[in-house]
Amino acid sequence: IATFAAFHKVDVANGSFGTGFKQGKMIGDLAFRAIFFKKPTEEESNRAASLFIGALVKEGSKFVAAAPNILFVFAAGNDGMSNDEFGTSPANIKADNVITVGATYKNEFFAPFSNFGTKMVDIAAPGMLVESAIPGNDYLKVSGTSQAAPYVANVAAKIKEANVKLTP
């Protein structure tokens, strides 16, 4: 992603994708069962998920570091969990060129499904019932941090356009 974006001289890249802690638990549990031939305890499940998400964040940090002149805007995740406590990838990548975005309902309240965190989530933007394009040349109101992140990416791109000397 970073090489493609750098080649095309991208200033801001929206990242409305990722793996949350709950998904990490499912994957970690499958791996644990395959290795140890038993169901993990809750503690083992959480540990496996943390290791898996940590590995994703570590690898994701490499592509972010490879493109220091690109601002990456990542969706925080939709598990309604604290990213400070339960990692999400790539939202938990901490770098000078990363902004992580939670979701709100308009400007009224934080969305109950949105991941949050004082250390790992930087900002929130509208992400509930956002008119979104869908296949068939149609639109649907969709909710998620994947709808909020483009708002922030758009503002960042406009700021960069207004002052091209700015860095992420």
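Visitor: Let me start with a pair of side chains: which residue does glutamate 42 meet in a salt bridge?

Guide: Welcome! Please keep in mind that this is a predicted model. As a general idea, side chains of opposite charge can pair when their charged atoms come close. Here, glutamate 42 meets lysine 25 in a salt bridge, at 2.6 Å from N to O. Glutamate 42 belongs to helix H3 and lysine 25 to helix H2, so the pair ties together parts that are 17 residues apart in sequence.

Visitor: Are the two partners buried or exposed?

Guide: Glutamate 42 is exposed, at a relative accessible area of 53%, whereas lysine 25 is buried, at 17%.

Visitor: How many salt bridges does the structure hold?

Guide: There are four salt bridges in the structure. One of them joins lysine 62 to glutamate 59, with the closest N and O atoms 3.0 Å apart. These residues are three apart in helix H3, and about one helical turn separates lysine 62 from glutamate 59. Lysine 62 is partly exposed at 48% relative accessible area, and glutamate 59 is partly exposed at 44%.

Visitor: What does lysine 94 pair with?

Guide: Its side chain meets that of aspartate 122 in a salt bridge, 3.4 Å from N to O. Lysine 94 sits in the loop between S2 and S3, and aspartate 122 in the loop between strand S4 (109-110) and strand S5 (123-126), so this pair ties together parts 28 residues apart in sequence. Lysine 94 is partly exposed, with a relative accessible area of 46%, and aspartate 122 is partly exposed too, with 40%.

Visitor: Now a charged residue of another kind: what is the nearest side chain of opposite charge to aspartate 79, and how far away is it?

Guide: That side chain is lysine 22, 4.7 Å away. You will find aspartate 79 in the loop between strand S2 (71-75) and strand S3 (98-105). Leaving out residues up to four places away in sequence, aspartate 79 touches Gly20, Phe21, Lys22, Gln23, Phe113 and Asn115.

Visitor: Let us turn to helices. Which residues of H2 are buried?

Guide: The general idea first: an α-helix has 3.6 residues a turn, so residues three or four places apart point the same way. In H2, the buried residues are Phe21, Gly24, Lys25, Gly28, Asp29 and Phe32. Viewed down the axis of H2, they fall within an arc of 135°, so they line one face of the helix. These buried residues pack against helix H3 (42-65). On the face of H2 turned away from the buried side are the exposed residues Met26, Leu30 and Ala34.

Visitor: How far does H2 reach, and what follows it?

Guide: Helix H2 covers residues 21-36, and its 16 residues reach 21 Å from first C-alpha to last, close to the expected 22 Å. After H2 comes phenylalanine 37, with a positive phi near 55°.

Visitor: What do the buried residues of H4 pack against?

Guide: They pack against strand S1 (12-15), S2, S3, S5, strand S6 (130-134) and strand S7 (138-142). Among the buried residues of H4 are Ala149, Val152, Ala153 and Ala156. This helix runs over residues 145-162 and reaches 26 Å, close to the 26 Å expected.

Visitor: Which residues is valine 130 in contact with?

Guide: Setting aside neighbours within four places in sequence, valine 130 contacts Leu140, Lys141, Val142, Gln147 and Tyr151. Valine 130 lies in strand S6 and is buried, at 12% relative accessibility. Its C-alpha is 7.9 Å from that of leucine 140, ten residues apart along the chain.

Visitor: Stepping back, how many helices and strands does the protein have?

Guide: It has four helices and seven strands, and from the N terminus they run α-β-α-α-β-β-β-β-β-β-α. The radius of gyration is 17 Å, close to the 15 Å from the globule rule for 168 residues, so the protein is as compact as a globular protein of that length. Of those 168 residues, 40% count as buried.

Definitions and conventions: Residues are numbered from 1 along each chain as its sequence is written. This is a predicted model: local features need pLDDT of at least 70, side-chain atom pairs count only at pLDDT 80 or more; totals for chains, interfaces and linings use all residues. Side-chain values use heavy atoms; hydrogens and water are left out. Helices (H or I, at least four residues) and strands (E, at least two) are DSSP runs, numbered from the N terminus. Buried means under 20% relative accessible area, exposed over 50%, partly exposed in between (1.4 Å probe, protein chains only). Lys and Arg count as positive and Asp and Glu as negative; His and the chain ends are not counted. Contact means heavy atoms within 4.5 Å. The expected span of a helix is 1.5 Å times one less than its number of residues. The arc is that of the directions from the helix axis to the C-beta atoms. The radius of gyration is taken over C-alpha atoms; the globule rule is 2.2 Å times the number of residues to the power 0.38.
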